[in-house]
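Trainee: I would like a close look at a single part of this protein. Please take me through it slowly.

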Amino acid sequence: MEQIFVTDVAPRDGLQNQQIPVSTDAKLELIDKLVAAGVQSVETTSFVSPKAVPQMADAGELVPQVNARWPQLRSSVLVPNLKGLERAHAAGAKEIAVVLSATETMNRKNINMGLNEALEVSEKTLAAAHALGLKTRAYVAVAFECPFEGETSLDEVLRLSARMHAAGAGEIVIADTIGAASPAQVKERMNAVKKVVPLAQLAIHLHDTRGMGVANAWAALEAGVRRFDASVGGIGGCPFAPGAAGNLATEDLVLMAERSGFSTGISIDGLMDAIAFASAQLQRPLGGRSMAWLQREKAKRGGIQPE
Ligand code: HMG
Ligand code: MG
């Protein structure tokens, strides 16, 4: 079976916008459950302004503990600028992700820089990270639609993806920040991006606002993409992008991929343990589109009464 590579972004994208504070210990326990489920790559946290995103204020304490407990885990952290890189490096981060949006307004709302400055800062941050021996990813956010400027120009997405590739980003992550893409558009755009970024370095990051997350992931698979971001339980969303709902749920992606002949190395039962834990922490039911069915199946096997 052909493999797909999943980065679970729940500890960062999933938690960054939650109202209920989540402790460092609870974040570690969530990561523990993801690792137990077979997840091999996690976006652990972000080194951003704690005033802008209070949930990520403990990044400096979290990263050394993650490194100590799971030395084999691929663990990346989001950094918006050189200050973020400096903090991430001091904490022992091994891989960083810069975040560049494909429109002027989204960059301003997210990281308080215009597009040109955000591009320059991303390139400088990547160069500095490489000089420190760190691995890198680069997000190209609002790659389909921007909540402020409408449909994003494909040419701009291609230009920025090529710039991030030229800057040495190990992985370029095309992001549907507000979950507005359609499968046909995903196929068209990923087919275009793969001409400027080799498939081995191309990833997609989907949000599932309109119920099209899994269909969009399938469209990306058909375009040859094998690297996916997803968030266990479907939690997530950028606080600075109005209308951004949860990420594509890891369990939905794994179910779709495994049933379509791809292997992920991830156990859905293990993911369900992680979801139950996150649900207790956030005090609300969680889960992707397949959750009701998954719970019924589990109840049949385990004799557990469905809720
Ligand atoms: P700013 O206010 O323009 O920054 O914020 P500044 O350079 O003027 O500095 C202001 C203060 O922040 C200073 O401190 C700096 O030292 C400090 P003061 O002198 O006032 O005490 N500062 C920092 N502190 C900690 N970490 C840093 C840092 N940088 C400066 N890295 C800034 C600019 C980028 C910091 C701010 O706008 C910010 O933190 N934004 C947060 C952005 C964010 O986390 N967004 C969500 C993640 S992106 C996302 O979710 C999309 C994604 O999932 C893909 C998708 O779905 O599309 C990735
Ligand atoms: Mg996101």
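This is a predicted model: local features need pLDDT of at least 70, side-chain atom pairs count only at pLDDT 80 or more; totals for chains, interfaces and linings use all residues.

Mentor: Asp 13 and His 205 are both buried. Asp 13 belongs to helix H1 (residues 10–14) and His 205 to strand E10 (residues 202–206), so the pair, 192 residues apart, links distant parts of the chain.

Now to the helices. Two packed helices are described by the angle between their axes and the distance between those axes. For helix H9 (residues 213–222) and helix H10 (residues 250–259), the axes come within 10 Å and cross at roughly 50°. That angle makes H9 oblique to H10, and their crossing is right-handed. On the H9 side the contact is made by Val 214, Ala 217, Trp 218 and Leu 221, and on the H10 side by Asp 252, Leu 253 and Met 256. By class, these residues are 6 nonpolar, no polar and 1 charged.

Helix H6 (residues 115–131) and helix H7 (residues 154–166) also have axes that come within 10 Å, here crossing at roughly 25°. Because angles under 35 degrees count as roughly parallel, H6 is roughly parallel to H7. H6 passes H7 in a right-handed crossing. Residues in the contact include Leu 115, Leu 119 and Leu 126 of H6, and Arg 159, Leu 160 and Met 164 of H7. The contact of H6 with H7 has 5 nonpolar, 1 polar and 4 charged residues.

Technical notes: Residues are numbered from 1 along each chain as its sequence is written. Chains are lettered from A and ligands numbered from 1 in the order in which they are written. Side-chain values use heavy atoms; hydrogens and water are left out. Helices (H or I, at least four residues) and strands (E, at least two) are DSSP runs, numbered from the N terminus. Buried means under 20% relative accessible area, exposed over 50%, partly exposed in between (1.4 Å probe, protein chains only). Axes are lines fitted to C-alpha atoms, for helices over the stretch in contact, and angles run from 0 to 180 degrees between N-to-C directions. Angles under 35 degrees count as roughly parallel, over 145 as roughly antiparallel, 65 to 115 as roughly perpendicular and the rest as oblique. A crossing is left-handed if the near helix is turned anticlockwise from the far one by less than a right angle, and right-handed if clockwise. Contact means heavy atoms within 4.5 Å. Ala, Val, Leu, Ile, Met, Phe, Trp, Tyr, Cys and Pro count as nonpolar, Asp, Glu, Lys and Arg as charged, and the others, Gly among them, as polar.
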